[in-house]
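Me: I'd like to learn how to read a few features in a structure. Could you walk me through them?

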Amino acid sequence: MTAPLFELRKVTYAYPGRQPVLRDLDFSFAGTEQIGLIGPNGSGKTTLARVVLGLARPGAGQVLHHGAPLVRDRDFTAIRREVGLLFQSADDQLFYPSVLEDVAFGPLNLGLAPGEAVARARQTLERLGLAGFERRITYKLSGGEKKLVSLAAVLAMRPRALFLDEPTNALDTATRARLVTILNELDIPRIIISHDFDFLAQTTRTIYALADGRVHFDGHTATHEHIHAHVHAHVHTHAHGGVPHEHGHDHDHDHDHDPA
Ligand SMILES: Nc1ncnc2c1ncn2[C@@H]1O[C@H](COP(=O)(O)OP(=O)(O)OP(=O)(O)O)[C@@H](O)[C@H]1O
Ligand SMILES: [Mg+2]
């Protein structure tokens, strides 16, 4: 058995002066899965992503990368290369004046020659429908444009897996649909944090929920556009055969649920 890409063991994390957000949390990502992560506002999803990549350091417990505990800041360099994190807020991701500089930064940092880094940045922007944005001033972009440029910055590094925090936030319907297509074409392992169930059904296979400081298995996304058995989910609607279809905690076709 090879070790998982990353693992959290008994992780507890509290912001200064507050009750723990993550409490004795265990979670393991083999590095092949396509996982959706749900949970109420403030439940700790973003904090979890930050702990995995060493941007927040737990007060107790361990973060392991391919079986090795990550202790010092520099231990997190390799996992940050392997797992591309899309921040919930684009302002945390983009810090250069121009779009091209922002997207080329990652490849440059990985050691690519400047010409190659720029070529890769242009190619990634084009793939996301952002050709022509190269010279745009990052801080003047719209919210959705910033989100897409942030995603381009992540993808340009060609990570082995993606950790996307609210990728559809601020995207219009057409752009969201394009993102679904792009993610499905990429066929790359991923963890996607989202409140958008239909998006998760289209882009992931298994749902986990963060509640009470821990990660709980929630169910599999079906191959048709409908998720079964969200034990931890809020009532929500799916466009199902064109007809809005509402269900919640207690709907009764409870397929595949594994309370593990
Ligand atoms: N820098 C911080 N200092 C203090 N408290 C914080 C900080 N960042 C987050 N929190 C608190 O920690 C809790 C978890 O926040 P987190 O951002 O991880 O939630 P989330 O599940 O990502 O929520 P959302 O769905 O709204 O993005 C919240 O109560 C939040 O207010
Ligand atoms: Mg969040």
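Predicted model: local features only at pLDDT ≥ 70, side-chain atom pairs only at ≥ 80, totals over all residues.

Me: Let's start with the metal. Which atoms coordinate the magnesium ion (ligand 2)?

Reply: To read a metal site, look for the donor atoms around the ion. Here the magnesium ion (ligand 2) is held by OG1 of Thr46 and OE1 of Gln88, at 2.0 to 2.2 Å. The two residues are 42 apart and link distant parts of the chain: Thr46 belongs to helix H1 (residues 45-52), while Gln88 lies in the loop between strand S6 (83-86) and helix H3 (99-109).

Me: How exposed is Thr46, and how exposed is Gln88?

Reply: Compare the relative accessible area with the cut-offs: under 20% is buried, over 50% is exposed, and partly exposed is in between. Thr46, at 28%, is partly exposed. Gln88 has 36% relative accessibility, so it also counts as partly exposed.

Me: Now the packing. What describes two packed helices?

Reply: Two values do: the angle between the axes and the distance between the axes. Take H3 and helix H4 (residues 114-127): their axes are 8 Å apart, at an angle of about 120 degrees. The crossing of H3 and H4 is right-handed.

Me: Which residues make that contact?

Reply: From H3 come Val99, Leu100, Val103, Ala104, Pro107 and Leu108, and from H4 come Pro114, Ala117, Val118, Arg120, Ala121, Arg122 and Leu125. By class, the contact of H3 with H4 has eleven nonpolar, two charged and no polar residues.

Me: How do H3 and H5 lie relative to each other?

Reply: The axes of H3 and helix H5 (residues 143-155) come within 7 Å and cross at roughly 30 degrees. Angles under 35 degrees count as roughly parallel, and H3 and H5 are therefore roughly parallel to each other. H3 passes H5 in a right-handed crossing.

Me: And which residues meet there?

Reply: Val99, Asp102 and Val103 of H3 meet Val149, Ala152 and Ala153 of H5. The contact of H3 with H5 divides into five nonpolar residues, one charged and no polar.

Notes
Residues numbered from 1 in each chain as written. Chains lettered and ligands numbered in written order. Heavy atoms only, no water. Donors = N, O, S within 2.8 Å, 3.2 Å for Na, K, Ca; no water. Helix = DSSP H or I, 4+ residues; strand = E, 2+ residues; numbered from the N terminus. Buried < 20%, exposed > 50% of the residue type's maximum accessible area, 1.4 Å probe, protein only. Axes fitted to C-alpha atoms, helices over the stretch in contact; angles between N-to-C directions. Left-handed = near helix turned anticlockwise from the far one by under 90°. Contact = heavy atoms within 4.5 Å. Nonpolar A, V, L, I, M, F, W, Y, C, P; charged D, E, K, R; others polar. Parallel < 35°, antiparallel > 145°, perpendicular 65-115°, else oblique.
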